[in-house]
Amino acid sequence: MLFNSIEFLVFLPIVFVLYWFVFQKHSWQNLLIVTASYVFYGWWDWRFLFLIAFTSLCSFYSGVLMERFEGSKRRQRMVCTVNIVVNFLILGVFKYYNFFADSLAQLIWSLFHYQLDWVTLNVVLPVGISFYTFQALSYTIDVYRKDVPVTRNVVEFFAFISFFPQLVAGPIERAKNLLPQFQRDRHFEYVQAVDGCRQMLWGFFKKVVIADSCASDLNPLWDSYADFSGISLWGLALLFTFQIYCDFSGYSDIAIGCSRLFGIRLLSNFNYPYLSRSIPEFWRRWHISLMTWFRDYVYIPLGGSRCAQWKAIRNTFIVFGVSGLWHGANWTFVCWGLYHGCLIVLYKLLHINTKDKEILAAGRWLPSVKDTCRVVVTFLLAVVGWVIFRAENIAQAWDFVSRMFLTAFDDFHFRLGSLTTMVVMLLLIVVEYLQRDKVHVLQFSNQGLFRWAAVRWTVYLTLFGAIFYFSFNNVSQEFIYFQF
Amino acid sequence: MNKQERYEIRRFGARLALFLLLVSAVIGFGVLCLYQAGEVRSYSYYIRPLKQDQLFGLGYSYYDKSYKFHMTDEVCRPQVLALGSSRIMQVRRSVVNSDYSFYNAGGAIQNVQELSLFVNGLHESPQLMLVNLDQWWFNRTYIEQDQPFSSSVYDEPKFDYYKLGQFICAFYTDLIKGKVNLWKLFSSNHIGLSAICNEDGFMADGSRYSHNMIIAPEIQEDYNFKNVLERIRDGNARFQYGDYADSTQVCVLENFLDQCAARHIKVVAFLPPFAPFVYQKMQETRKYGYMSRLYKNLLPVFEKYEGCSLYDFTDVTDMGVHNYDFYDGFHGSEIIYNGIIRQMVRQDSTLAPFFVSEQEMDRLDSVYISKKIRLHSL
C-alpha cells in the first residue's frame, strides 16, 4: 500500500480509531499494529508476508536462544552468527543472487571467453527487504552485545519489525529506541499528534509536488542525455538531486509523522543534508538511520578511525562500498558509495574541517561567505554523486559526468513545464534554510507572521491544495527507496 | 484512556475535523459546480433528447463517440443519418426534408473499421446514410500513428474517482483563469462546461454549433490556417504524407458496404472538402499522392453496390467557395455542406426526396450570408 494512495487514506483513519478507541491496552494495540502492518505490506503481494514473518521469527528465536545460553559466549556467538547468515542469505537470494551471478559470468567471459550457464532466479524483489532485514539484524547484534534486553513477547517483536509506517523505507529503527515503546502503555498526546500531521503534510508535499514533478521532467529526458549541452546536463542532475531527496525524506517525514499519531517516536532520518558544509557532515544528515547502523555494526567493529591511518581509510571504503551495495544490485551503487568514500578520505587527508556540529548559520540570518562556498561545493559534489546513482550502468555514469564537465555550456534545454518544478525547488531551498533549526519545516515558532493561526492554516490549506492538484496532474511515481 | 487523554483526542479530532471541513468545502463546491454543469452526471443522464435551444458539450470528458452512437441507437433512431468524423458535423436538420427523421452522428467515426462497428451495433437501420470518408482514413501512417482501432469505442464510458480529482483541479484552474463563469454555470440549460461557457457543443439534431468560432475567429488556433499549414509542413496530426491508399482499408470499406446492402441502407459517401488555400498548399508539397488517387481507388468499390454512390469534394475550388467559410483548414461551415448536398442532389435525383428543395437551400444560404461571417482574413 502506498502512502500516496486512496487505500491508505481509508486505512489510516480505521487503524487510528481502532488503536485509540477499541484496543486500548498496549498488548492489544501491538496485535492491531501487527495485523495492520501485515495488511499494509501484503497489499503489494501477500507472498511477501511469509518472508517477513520468517525473518522476524528467526531474529526473535535467536534472541530467546541467546538468553537461554546465558554464560556461554561461544554458543551465543554461534546463534548470533547463524541468524546473521540466514538473514544475509535471504537478502542475497532475493536481492543480489542474479547480480553476482551475472557479474561473475561476465568476468569469466571477458577473461577466458567461457560462457557460464548460470541459473538466474526469476523472483520479485520484496519491497523494503533491506530495511526490515537490517532492523532485525540490529536486534540480534544488540542482544548479543547486551545492549538491549531479550524480548519474550512475539507480538511485541513482530510489531517492532513490521511497524507499518516505517516498514518499507525506514527509518531503520533500533531495538533500543522502538522496542521499549511497544512494551509500555502509549498515551495520546495532542501536541505530538498535531505536529505529526504537519510533518506528514510536509512529507506529502515533498513527495507529490516536488519529487514527482522532478521525475516527470527528468524521466523522459534522461535516456537522451547525450543530445544535451553541459549546462542542461547539470540541470538534469539537479532535478534528480531534488527528486531523490524529496522522495526519500518525504517518505521519512510521512513515516515519522504517522507514527506520532500512534504515540510512537521514530528516529530522525534527514536533517537538511543539502545545507551541509562538508561531505562528512552531509553523511551525518542524510539517511541518518542507515549510516548510524553501518557506523555501529560495521565501521566501529572494524576499528573505526582510532587505528592506523591506512586501516581507517580501508574501513571508510568498506562502509561506503557496502552501503552503496545496500542500495541496490548494480555496480553504479557501489561506485556511488566508493565515490563518497573517496571524498571522505580526501577530506581527512587534506585536514579539512568536518567537525561542524551545529546547523549552518546557527543564530544568524545569513551564513558567512566561507560557509556559503563550502555548502555550494558540498552540494555540487553530491550532485555529481547522484548522477552515478541514477545511471543505468558505469559507462553511462562516466559518459554523463564527463559531458557535464566537458561539453559546451550553452543552449539550456528545458521545457516550459519545468518552470513549475524550478519554482517548487527554489521554494524548498528557501523554506528549508529558513526553518533549518526545526525538526521539520512546518514547525512554526510563536513569533512573527506565523503566530497568527490564520496564517498557519493558510499555509496548511495551500500545501494541501498543491498536493491535491499535483496528485491528479503528475504521473504518480513509486517511492525510489522501495526498491532497496 | 484517562480523562486528560480523552480531552486531548477530542481536541485533536475537532481540529482535524475543522481542517477537513475546510478542505471538503473547497472540494465539495468544485463537485457541486461540476454536477450542476453536467460534467459528472451518470452516463444515462446524457442519453436523452435535447431541447431545441440546448447544447451538449462536455469540457473535461470525451464521450463524443459513444454519445453519438447511443443517441442514434436509443434516442433518435433516424431515417436519415449523417455519419462520419467531425467533418460532417455541420450538416443540419434544416437541409433534410421534414418528412424524414434526421440525426447527425458526426464525430462518432475516426477510421473505416468504426463505420462497420457503428452500423453493426444499430438496432434499427436508417434509410439513407450520408457518410464522409476522411481522406487520411486510407493512409496507413495515420492509422498506425493516430487511430489504432479499438472495438470498445462505443461502450458506455466508466467514470472513476481519479477523473473526478482531475476535473476538480481543471475546474478551479479554469475558474482562476476566468474561463468559467459561475453565473452562467448556474443559470444555463446547456449540458457540459464547453456548452455553457463557450456555447460550443452538439445541438438537438447532433450537428455542432460553436459560437466562439463565429464571434472570435481570430483567437482560434487555426486562424488563417496557421496550425494546419504547420501540420502539412511537419507531416503529422492527420496530415501524414502518403503515396498510395491502403488496400486493407479499402477492403474494410467494402465490408461496410456489404453490411449496409444487407440492411438495405442507401449509402451516399463523399470525400470531404479542404479549404482551397490549404488544398493548394498540400498539392505544392507533392507528398499527398494517395489523396489525388483516392476517388479513383474507391469508386469501383461503390459501383458494385446498387444505390450506393461516392462523390469527391476534396478540391472545392471550382465550386466558388471561400476560404473564410471554413472553420479551419478541413472543417467547412454549414454553407459549404449545403453546397455539397445541393451538388449531390443535382447529380442523383433519387436523393431529392430526402432533402429540402433548392429554393429552400438558397434561403438557408442567404440567411447564413446575411450574418456576414468571416472566419479567416484570407
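**Figure 1. The two domains of chain B.** Chain B is split into domain 1 (1-57 + 157-194) and domain 2 (64-152 + 216-370), with bounds that come from an automatic or database domain assignment. This is a predicted model, in which local features need pLDDT of at least 70 and side-chain atom pairs count only at pLDDT 80 or more, while totals for chains, interfaces and linings use all residues. Residues are numbered from 1 along each chain as its sequence is written, and chains are lettered from A and ligands numbered from 1 in the order in which they are written. Taken over C-alpha atoms, the centres of domain 1 of chain B and domain 2 of chain B are 38 Å apart. Five residues from domain 1 of chain B and six residues from domain 2 of chain B make the contact; two residues are in contact if their C-beta atoms, placed from the backbone, lie within 7 Å. On the side of domain 1 of chain B that touches domain 2 of chain B there are four nonpolar residues, no polar ones and one charged. Here Ala, Val, Leu, Ile, Met, Phe, Trp, Tyr, Cys and Pro count as nonpolar, Asp, Glu, Lys and Arg as charged, and the others, Gly among them, as polar.

**Figure 2. Chain B as a whole.** The C-alpha trace of chain B spans about 90 × 45 × 40 Å along its principal axes. Its secondary structure comes to 15 helices and nine strands; helices (H or I, at least four residues) and strands (E, at least two) are DSSP runs, numbered from the N terminus. Of the 378 residues of chain B, 42% count as buried. A residue is buried if 20 or more other C-beta atoms lie within 10 Å of its own, exposed if 12 or fewer, and partly exposed in between, again with C-beta atoms placed from the backbone. Among contacts in chain B with a separation of 6 or more, 76% join residues 24 or more positions apart. The average pLDDT of chain B is 93, and 99% of the residues score at least 70; pLDDT is the predictor's confidence in each residue, from 0 to 100.

**Figure 3. Where chain A meets chain B.** For the complex, the predictor gives an ipTM of 0.80 and a pTM of 0.81. The contact takes 16 residues from chain A and 15 residues from chain B. Which helices of chain A each supply at least two residues of the side that touches chain B? They are α1 (6-22), α8 (190-222) and α17 (453-473), and α17(A) gives the most, with seven residues. By class, this side of chain A has eleven nonpolar, four polar and one charged residue.

**Figure 4. A closer look at helix α8 of chain A.** The 33 residues of α8(A) should span 48 Å at 1.5 Å a residue, and its end C-alpha atoms are 45 Å apart, which agrees; the expected span is 1.5 Å times one less than the number of residues. A kink of about 25 degrees in α8(A) is centred on Ala211(A), where the bend is the angle between axes fitted to the seven residues ending there and the seven starting there. Because 25 of its 33 residues are buried, α8(A) is largely enclosed by the rest of the structure.

**Figure 5. The domain contact within chain A.** Chain A is assigned domain 1 (6-186) and domain 2 (191-277 + 356-483), and their centres, taken over C-alpha atoms, are 29 Å apart. In the contact, 16 residues of domain 1 of chain A meet 16 residues of domain 2 of chain A. On the domain 1 side, α1 and α7 (175-183) of chain A each supply at least two residues. The largest share, three residues, comes from α1(A). That side of domain 1 of chain A has nine nonpolar, five polar and two charged residues.

**Figure 6. His190(B) and its surroundings.** His190(B) sits in the loop between α7 (182-187) and α8 (193-198) of chain B. It counts as buried because it has 24 C-beta neighbours inside 10 Å. Leaving aside neighbours within four places in sequence, His190(B) is in contact with Gln54(B), Leu55(B), Gly57(B), Ala195(B), Ile196(B) and Gly201(B). The C-alpha atoms of His190(B) and Tyr67(B), 123 residues apart along the chain, are separated by 16 Å.

**Figure 7. Two residues with positive phi.** Most residues other than glycine have a negative phi. Ala361(A), in the loop between α13 (331-349) and α14 (369-390) of chain A, has a positive phi near 50 degrees. With 17 other C-beta atoms within 10 Å, Ala361(A) is partly exposed. Lys372(B), in the segment after α15 (358-370) of chain B, has a positive phi of about 55 degrees. Lys372(B) is exposed, with 6 other C-beta atoms within 10 Å.
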